[in-house]
Amino acid sequence: MENQALSIEDLAALIDEQSIVLTANSRQRRYLLKQFSTKADSKSDSVKGIDSSRILSFQQWLSEAWITLQGQAYPESAQLLINPIQSQLLWQEIINNSEESADLICPDLLAKQASSAWQLLSEWQISAEELLNKGHRESEILYQWGLKFDHRCKELNLIDSPEQCRILSTALKSNALKRHHRLLMLGFDDLSPLRQDLSTAIADDVKFIQLKHLEQNQAYQLPCEDSLDEIHQCAKFVQNELLSAQTNKAALPKIAIVDPQLGQRRDKIERIFTEVLEPQFLYSETDRYTLPFNFSAGTPLGQCPIIESAIALLALNMEQLEVDKLCQLLQSPFWHNNAELEMELPLAERQQLEFALRNLQQEHIRAAQLRQCADKVAKKLEALYEPEKSTDNISLAERLQTLFYSKENRAKRNSAKQWSQIFYQQLEQLNWPGTRRLDSNEYQQVMQFQGLLTELLCLDQLDRLYSASEIIRELQQLANNHHFQAKTPDSPIQILGVLEASGQSFDVCWLMGMDQKQWPPSPQANPLLPMDLQRSLNMPHASAERELFFAEQLIKAYRFCANKVVFSYPSRDGEEELQASPLLEPLALKKITEITTAAQELSKQTELPISIQSYRLACGETGEFKWIDNRYGPKLSKREKSLGGSGVLKQQALCPFNAFAHYRLGAQAWPEVQLGISALERGNILHLALETFWLEIKDQDRLLSLSNEKLEALVDRHIAESLDQILLYRRDLGPRYRALESERLKSIFMAYIELDKQRPSFSVDGIETSRELSLGPLKLNLRLDRIDKTHIADTNTENSASTKPTKASYVVIDYKTGQCDLKSWLGPRPDEPQLPLYSLSDPDISAISFAQLNAKGVKYIGISETASPAAGIFSAKDQSLRKKLNNHDKRVANDTSISSDDEIWPQLRNQWQQDLVQLAIDYSSGLSGLDFKDTLAQRYSEDLLSLQRLQEFTSKRRLWSIKPAPLQQSQFDLSL
């Protein structure tokens, strides 16, 4: 199809009362009307009073012609035109119900391809039966699906776009619609046979035209380092063009930035152009205003924050909730009152609930889990924030309770109209979009989203009911397919896609991404149609030859579309080297400095706004430093001293800063999502199974009285009950997976029971016992996994005949599913202070021990005051214990005040008392220096790396060395 090049004056001369102009898209129509208006305002004799109603986009003409037919009660116009969301749903339904769907990985994508292929057949006027003679398996399947699609459309009284064109063509030929004398088609590089027939039916004389451009101009090809550098260079080029115009007191040039990948790179382009052209816009205190550049590609409405929050709120109706989206929703300002955003209680509630959800370590949870977490957080915070609690402040738990109550009292499947009403009510109930005053863009987005809720009603034409997940998925797709374009005034800088800018003229034009990899684009034929058929009929994107032809046409059109045209390309993509597109070979190769040198000098002389200078000064760009001793934070308040467990001292021992960050600043890494059962869940299951088992058994005598069959049955029951309780909401774990986990746990469980059978007589005195311990200035809450009461004769290991009377003693046991070692209790900074703390909580405790429970080994590892209560627990009189102490804590082993015959236990307790009290004092006083106990402690605290700022220490040492001597005070420690 060859287009005739005409000037605006020549085109105006062809438009009369019997003529009509159709453009390829709405942007070209607006451009053409603006050109006519400009010529008319200049009182040009060649352009006078062009009737705008005679200039329409092709889609606009189709809609108006169809409405005209319906107004005339034309019989075939009584059908409804199927929209994209209805078409997609019908194709999905047909494909999912077919035999082939069982092997499909992505049926949604296949539905789009099938819809496109079926429409291509109609547009190219190929009968569906022709597919059966091609010997193409995919085409035969498409034929079966297509017949079902047509049948469903006929049942529902729906027609697609090709059928609409056929009906309009028939109506024009029968004079049911008025025909024109002349049809001028502007900007059409290609038309399907069906639309060509329609164009010949619209008028007797059809002309395909394009607007004339310049005959001479400046055009270059410009290499850039990579795609980001390309955008930076483009932004600086635009800045220089604007500065040149302002300096010369000339009108601002009309600048076009054309990017073939605009849809994928819009965010990057907007960010970089804002940084270069309007840096003050990024300053938080700058009032919002319209930026001096405009995009032709809008942002998908579903990606706008205020709409994302609305869809996330509606997604609470689904059975499975995505944890990441829930956590984003909690921090969204679009469903809270202004007061809630400033009060401490609502803020703490959102933060605590997010942490509780993350701590589940699951990608998806059920609604009941969300409600359970919200209730726990509300109860936890109720006592702490009682003074702030008011009748106006409705907690998240209360909101969710109301929402889920209404959810339980309605049908699982509803019509689209019913869902639309439910959604309106829920958004109002949840206070969306919040009480904060919306800006112009947010207000426009809310209005468009409400229009989408109304548009959902078209789904009822398909005569079916929808579940919550189905209707929300359709709403999400509808929002993603609807692009939001803010209503803004005309801008001198237009950032366009390749097709949107086609046919227009500018003062300056920059085309990005012109490398050989992207231009001409690779063919993307439809996989459901035979390749030879698509190529023979020259269907869209069917062959490299077709893509090359259209790329050449576009390059030729852009070559003279402006006085200055720049074709840029990245020289590399990651490690891959790139070259300019072969289509740019005739153009001269330039550097950016060769085309912007004069303007760059103007740019250097331009001062930044005062607000930006102040902002940069506040960010420390002056290089002036103030040295602060940050080894101490504020001392603990009375409220803080009553909180915490043994983990506080553990972190203080490993690194004081980590303890301060974790327990006082609340810096916690989000738990990572685990596939299958997490280590935490495994530990909880084993703990719970052992807890319930010993609550039932109670002592060793009862254990020994059980037969092997009864014991195994009992163990199986407790493990199964623990699995069910801990994994109550884990619907993703099937029965086979649970059975394997049960088998793994049973082997560990039975090995541990056999170990307890070999011990001297004991009874279980406490399970999950809570104790409170005052340690220096701290008050700690301890929880003991298990306390055993034993009656053991105290036997001297050197003389077995020498025994003391049997006395009751207590053994504290801490279950560990990881590896254990006695050295973790030793030294002034013990790795695991939990059991030493237990020993200090009660003088009657005479032994402490880990119970290591994992596949590598099931054993006791501990120390006893008297005779060993179990294999693996060292007696304080045992000489081998002294050797272990000598290796890890010589303060006790080499103490000359105790002889080899004396018990080491009292000395150990005394040393633990001193060490742990000192850690408590350090923590309470605010000691928070970045002082790691060892390299292992540093390695396992990488979650705090951004707060520790270790990477800055090298530069700090350098700065410190060049400072004046008075500043080099000894109390500042830069030894790391």
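Q: What does buried mean here?
A: Buried is under 20% relative accessible area, exposed is over 50%, and partly exposed is in between (1.4 Å probe, protein chains only).

Q: And what kind of model am I looking at?
A: This is a predicted model, where local features need pLDDT of at least 70, side-chain atom pairs count only at pLDDT 80 or more, and totals for chains, interfaces and linings use all residues. Residues are numbered from 1 along each chain as its sequence is written, and side-chain values use heavy atoms, with hydrogens and water left out.

Q: OK, strand β29. Why is it largely enclosed?
A: Strand β29 covers residues 857-864. Of its 8 residues, 6 are buried, so the rest of the structure largely encloses β29. Strands (E, at least two residues) and helices (H or I, at least four) are DSSP runs, numbered from the N terminus.

Q: How many bridges join β28 to β29?
A: There are 8, and the two strands run antiparallel. β28 spans residues 845-854. Strands count as paired if DSSP finds at least two bridges between them.

Q: Which residue in β29 is the bridge partner of Leu853?
A: Val858. β28 and β29 make a hairpin, with 2 residues between them.

Q: How does β29 pair with β30, parallel or antiparallel?
A: Parallel, over 3 bridges. Strand β30 is residues 873-875. There, Ser875 stands opposite Ser864.

Q: Switching to β8. How many of its residues are buried?
A: 5 of 7, so-called mostly covered. Strand β8 runs over residues 218-224.

Q: Which strands does β8 pair with?
A: One is β19, residues 564-570, in the parallel sense over 7 bridges. Cys224 has Pro570 of β19 as its bridge partner. Another is β22, residues 588-589, also parallel, with 2 bridges. In that pairing, Tyr220 stands opposite Ala588.

Q: Now helices. At what angle do α26 and α27 pack?
A: About 140 degrees, with their axes 6 Å apart. α26 is residues 646-654 and α27 is residues 656-664. Axes are lines fitted to C-alpha atoms, for helices over the stretch in contact, and angles run from 0 to 180 degrees between N-to-C directions.

Q: Which residues make the contact?
A: α26 gives Gly647, Val648, Gln651 and Gln652. α27 gives Pro656, Asn658, Ala659, His662 and Tyr663. Contact means heavy atoms within 4.5 Å.
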